[in-house]
Amino acid sequence: MIFTRDAGDAESQATLVLNGEIDMATAPALRHVTDNLPLAELQELTVDLSDVPFMDSTGVAFLISLRNRMPAGSQIVLHRPAPVVARVLQLSGLGTIMELAGAPSGPIEHLHPTG
């Protein structure tokens, strides 16, 4: 995980780069690491998900917890989620309260085998 604050604009923007799976096994460690991030000072947080191959509902809850720690009117931008992660974000409704940037366009195919 990498956290960087952008210069300018009173440092009200930051980027959080995540990697690896975000699920029930990894979320507690991720929460522990992010507990001290200065989210209450940000107006925009970009979460780079390009190296996250899998996310379950625990990851969704983690993203909601980040948003809940930010000021009213601020936003989270979810950057470049993998197709399977974008599907979880869309099904959970997070795509309606957080911006999906660089997500796969068009409908995302079902992930179960057919036949």
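**Figure 1. Contacts of T46.** Leaving aside residues up to four places away in sequence, T46 touches A14, T15, L16, V77 and H79; contact here means heavy atoms within 4.5 Å. The model is predicted: local features need pLDDT of at least 70, side-chain atom pairs count only at pLDDT 80 or more, and totals for chains, interfaces and linings use all residues. Residue numbers start from 1 along each chain as its sequence is written, and side-chain values use heavy atoms, with hydrogens and water left out. T46 sits in strand β3, residues 44-51. Strands (E, at least two residues) and helices (H or I, at least four) are DSSP runs, numbered from the N terminus. T46 is buried, at 17% relative accessible area. Buried means under 20% relative accessible area, exposed over 50%, and partly exposed in between, with a 1.4 Å probe and protein chains only.

**Figure 2. Pairing of β3 with β4.** Strand β4 covers residues 75-79 and runs parallel to β3, joined to β3 by 5 bridges. Two strands pair if DSSP finds at least two bridges between them. D48 stands opposite H79 of β4. Between β3 and β4 the chain passes through helix α2, residues 57-68, in a right-handed β-α-β crossover. Right-handed means that, with the strands pointing away from the viewer, the path from the first strand over the helix to the second runs clockwise.

**Figure 3. Pairing of β4 with β5.** Strand β5 spans residues 99-101. β4 and β5 run parallel, and 3 bridges join them. V77 has E99 as its bridge partner in β5.

**Figure 4. The buried side of α1.** Helix α1 covers residues 27-34, and its buried residues are A27, L30 and T34. They lie on the same side of α1, because they cover an arc of only 60° around the axis. The arc is taken from the directions from the helix axis to the C-beta atoms. What covers these buried residues includes β2 (13-19) and α2.

**Figure 5. The chain as a whole.** The chain has 4 helices and 5 strands. Along the sequence they follow the pattern β-β-α-β-α-β-α-α-β. Of the 115 residues, 35% are buried. Among contacts with a separation of 6 or more, 68% are between residues 24 or more positions apart. The accessible surface comes to about 6400 Å², and carbon and sulfur atoms account for 54% of that surface. Areas come from the Shrake-Rupley method with a 1.4 Å probe; for residues, only the protein chains shown count as cover.
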